[in-house]
Amino acid sequence: MTRDPFWATKEDESRRLLRHSARELLKREIAPLVSEYERDGRMIDREVLRRIAPLGALGGLLPPPYGANLPYSTYFVLIEELGRIWGSLRTVAQTTASVANIIAELGTDEQRRRYLPPLVAGDYIACFAWTEPEAGSDTLAIMARAEADGESLVLTGTKTLVTNAGSADVAVIAVRFDTAIRLIVVSTAETPIPVRPIAKMGLDSSDLGELVLDGVRVPRTALLADRATDPSLLVFGRVGIAFAALGSAEAAFEQTLRWVRQRRQFGRPLASFQLVQAELAAMKLAVDAMRFFAERAAWRMDRGEPAILEASLAKLHNTEAALDVVARAMQLAGGYGYTRDLGLERRYRDLRHLTIGEGTSDIHRLIIGRELTGVDAIASEGDR
Ligand SMILES: Cc1cc2nc3c(=O)[nH]c(=O)nc-3n(C[C@H](O)[C@H](O)[C@H](O)COP(=O)(O)OP(=O)(O)OC[C@H]3O[C@@H](n4cnc5c(N)ncnc54)[C@H](O)[C@@H]3O)c2cc1C
């Protein structure tokens, strides 16, 4: 970003400063942890989250007194920078931040006072549990239920593929209550929920699991406002992922540029071969297009305009393009690209889930088609 004068003119002083401080802090405090945490499968803990909290990575979007009311386009600079450096931390932080946003938007004053300060400070990790074994792309097919029992709600059902399931202090869970889909906010210290861990391909320092809601009892006051299916709640996650993919792909591209200039074969730098330059051109095209898609979606969000179409375009394009860029980066690094030494194979494993989570690529193709034509080709009304 900083290398390109065009985009630099699009970046105001507050974004420039935030990017600079984020990059410095992440380099100094976070980069030294990455390899060891990932190698040992050590989960991101509160200590790590507390280090990035002062940047506003967990609550920067929230209004005072909890946050700095950052514009989306400024906040997403942090997600992009996290995407550059550590996929696991990006996913833990973005999930926690999105739960904080939901509580700020749909919570009562009491819920805000209780949950937001520790979430914003990095003292709490959060999870958002919507997906179920029979309700993935078909988001409105969820079956988990809340039944009223006096002043309590009794939850039943299973939530699966939940990021941070095993480490969360706060869980926001989607359930059916009466006829509506409602969100419930639960303190896991007060209401322990059994978790079945799920092993996965990447993001080795973030946990994924299944929440078993087998008669879990929560107070009725755990309900959030009745706007669980508001499309605007979906946009944040999608555009955040578009920025995360951009950060990771651009870092891989810059690493590749350095590599092909230094690495010599046949007595010449790799950079001097035409086929290598063609690869670099393809990568640069992709990264620049990624920035356009991400920035445009954030711009719409900042203006308070509907951004469903722009969010899906950014999410679809950037996640697919990032995988392609990182695959090319691995190829240009030869055998070293496949080793754990360069970090490219980790980027590839970490990026792979981004074309699936927050709506698969095909679901986003269908959302784009729906937004363009007004005709919904997704089988149900669910669009995530
Ligand atoms: C690492 C990771 C983290 C996640 N974190 C969370 C989380 O924190 N919280 C949460 O609630 N969920 C989370 N998820 C779940 C994620 O949102 C779902 O995996 C995703 O929405 C897809 O649902 P599914 O896995 O059931 O796939 P399915 O819906 O079964 O889809 C399978 C395939 O069928 C295709 N398909 C489905 N319907 C259609 C259609 N109408 N037309 C064309 N093709 C279709 C899909 O595109 C896909 O290719 C996570 C997933 C992963 C992998």
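D178 lies in the loop between strand 4 and strand 5 of this predicted model. The phi of D178 is near 55°, a positive value in a residue other than glycine. D178 counts as exposed because 9 C-beta neighbours fall inside 10 Å, and the limit for that class is 12 or fewer.

**Strands 4 and 5 and their partners**
- Strand 4 (residues 170-177) and strand 5 (residues 180-187) form a hairpin with two residues between them.
- The two strands pair in the antiparallel sense, over eight bridges.
- A126 has V170 of strand 4 as its bridge partner.
- Strand 4 is mostly covered, with seven of its eight residues buried.

**Other backbone geometry**
- Most residues other than glycine have a negative phi, and most peptide bonds are trans.
- L161, which is not a glycine, has a positive phi of about 55°.
- L161 is found in strand 3.
- L161 is partly exposed, since 19 other C-beta atoms lie within 10 Å and a buried residue needs 20 or more.
- The peptide bond from P64 to P65 is cis, with omega near 10°.
- P65 sits in the loop between helix 3 (46-52) and helix 4 (72-85).

**Domains**
- The protein is divided into domain 1 (5-124), domain 2 (127-222) and domain 3 (232-373).
- Taken over C-alpha atoms, the centres of domain 2 and domain 3 are separated by 31 Å.
- Four residues from domain 2 and seven residues from domain 3 take part in the contact between them.
- On the domain 2 side of that contact, two residues are nonpolar, two are polar and none is charged.

**Ligand shell**
- There are 24 residues around the ligand, of which W130, G136, S137, T163 and T360 come nearest.
- By class, the shell holds eleven nonpolar, nine polar and four charged residues.
- Strand 1 (126-129), strand 3 (152-163) and helix 12 (361-373) each supply at least two residues of the shell.
- The ligand lies between domain 2 and domain 3, because both domains give residues to the shell around it.

**R346**
- R346 is placed in helix 11 (residues 344-352).
- R346 is buried because 22 other C-beta atoms lie within 10 Å, against a threshold of 20 or more.
- Leaving aside neighbours within four places in sequence, R346 is in contact with E38 and G202.
- R346 and D40 are 306 residues apart along the chain, and their C-alpha atoms are separated by 14 Å.

**Helix 7**
- Helix 7 (residues 232-262) has 31 residues, which at 1.5 Å a residue should span 45 Å.
- Helix 7 is mostly covered: 22 of its 31 residues are buried.

Terms used: Residues are numbered from 1 along each chain as its sequence is written. This is a predicted model: local features need pLDDT of at least 70, side-chain atom pairs count only at pLDDT 80 or more; totals for chains, interfaces and linings use all residues. A residue is near a molecule or strand if its C-beta atom, placed from the backbone, lies within 6 Å of it. Helices (H or I, at least four residues) and strands (E, at least two) are DSSP runs, numbered from the N terminus. Ala, Val, Leu, Ile, Met, Phe, Trp, Tyr, Cys and Pro count as nonpolar, Asp, Glu, Lys and Arg as charged, and the others, Gly among them, as polar. Domain bounds come from an automatic or database domain assignment. Two residues are in contact if their C-beta atoms, placed from the backbone, lie within 7 Å. The expected span of a helix is 1.5 Å times one less than its number of residues. Two strands pair if DSSP finds at least two bridges between them.
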